[in-house]
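Good morning, and thank you for coming. I would like to take you through one protein chain, beginning with a single residue and widening the view from there.

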Amino acid sequence: MEIFSFEVSAGRAVDAYGSVGLTAQKLVRGEAVHVTVLHVAAGGRVGRHPAPVDQLFIVTAGRGAVQAGDGDWQPVGAGQAVVWRAGAEHATRADEDITAVVVEMEDMPLARTVA
């Protein structure tokens, strides 16, 4: 058994794509799947960027909003998940501190369609 910390202090600061208040902690790096914990500080953001592969953004704490392409900002909070398919431009902003688990893989099979 191994126990990993994914507290904010365990992550590394990320400023790519104009991101602000973002830290990331890589948990799994395999050929087929990557799992990362993101922390976005209140008032911070993950800057707009294309998804390199399908991404599942699972919000475990906090609330904010997400955007795909040039669409409207959609509220998102703890207990919700967002899927962006490969190539989709997207961004996230935090109204409160957000903790999210991000699962990345090609052709992600979902158990159900996420609305």
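**A serine and its surroundings**

Apart from neighbours within four places in sequence, S19 is in contact with V14, R45, V46 and G47, where contact means heavy atoms within 4.5 Å. Before going further, please note that this is a predicted model: local features need pLDDT of at least 70, side-chain atom pairs count only at pLDDT 80 or more, and totals for chains, interfaces and linings use all residues. Residues are numbered from 1 along each chain as its sequence is written, and side-chain values use heavy atoms, with hydrogens and water left out.

Where is S19 placed? S19 sits in the loop between strand 1 (12-14) and strand 2 (20-29). Helices (H or I, at least four residues) and strands (E, at least two) are DSSP runs, numbered from the N terminus.

Is S19 buried or exposed? S19 counts as buried because its relative accessible area is 7%; buried means under 20% relative accessible area, exposed over 50%, and partly exposed in between (1.4 Å probe, protein chains only).

Two backbone atoms lie within reach of this side chain. The side chain of S19 reaches the backbone oxygen of A16 at 2.7 Å, and a polar atom of that side chain lies 2.9 Å from the backbone nitrogen of G47. A polar contact is a pair of N or O atoms within 3.5 Å; within protein, one must be able to donate a hydrogen and the other to accept it, and residues adjacent in sequence count only if both atoms are side-chain atoms.

Let us turn to V14, one of the residues in contact with S19. V14 is found in strand 1 and is buried, at 17% relative accessibility. Leaving aside neighbours within four places in sequence, V14 is in contact with S19, L22 and A24. From V14 to V46 there are 32 residues in sequence and 8.8 Å in space, C-alpha to C-alpha.

G47 leads us onward, as G47 is also among the contacts of H90. H90 belongs to strand 8 (residues 89-94) and is buried, with a relative accessible area of 2%. A polar atom of the H90 side chain lies 3.0 Å from the backbone oxygen of A88. The contacts of H90 beyond four places in sequence also include R48, Q67 and W84.

Q67 lies in strand 5 (residues 63-68) and is buried at 9%. Which side chain does the side chain of Q67 meet in a polar contact? That partner is R48, at 2.3 Å. The side chain of Q67 also reaches the backbone oxygen of G71 at 2.7 Å. Between Q67 and S19 there are 48 residues in sequence and 14 Å in space, C-alpha to C-alpha.

Finally, I come to the chain as a whole. The protein chain has zero helices and nine strands. Of its 115 residues, 37% count as buried. Among contacts between residues at least 6 apart in sequence, 62% join residues at least 24 apart. For 115 residues, a compact globule would have a radius of gyration near 13 Å, and the chain agrees because its own value is 13 Å. That radius is taken over C-alpha atoms, and the globule rule is 2.2 Å times the number of residues to the power 0.38. The C-alpha atoms fill a box of roughly 40 × 30 × 25 Å, taken along the principal axes.
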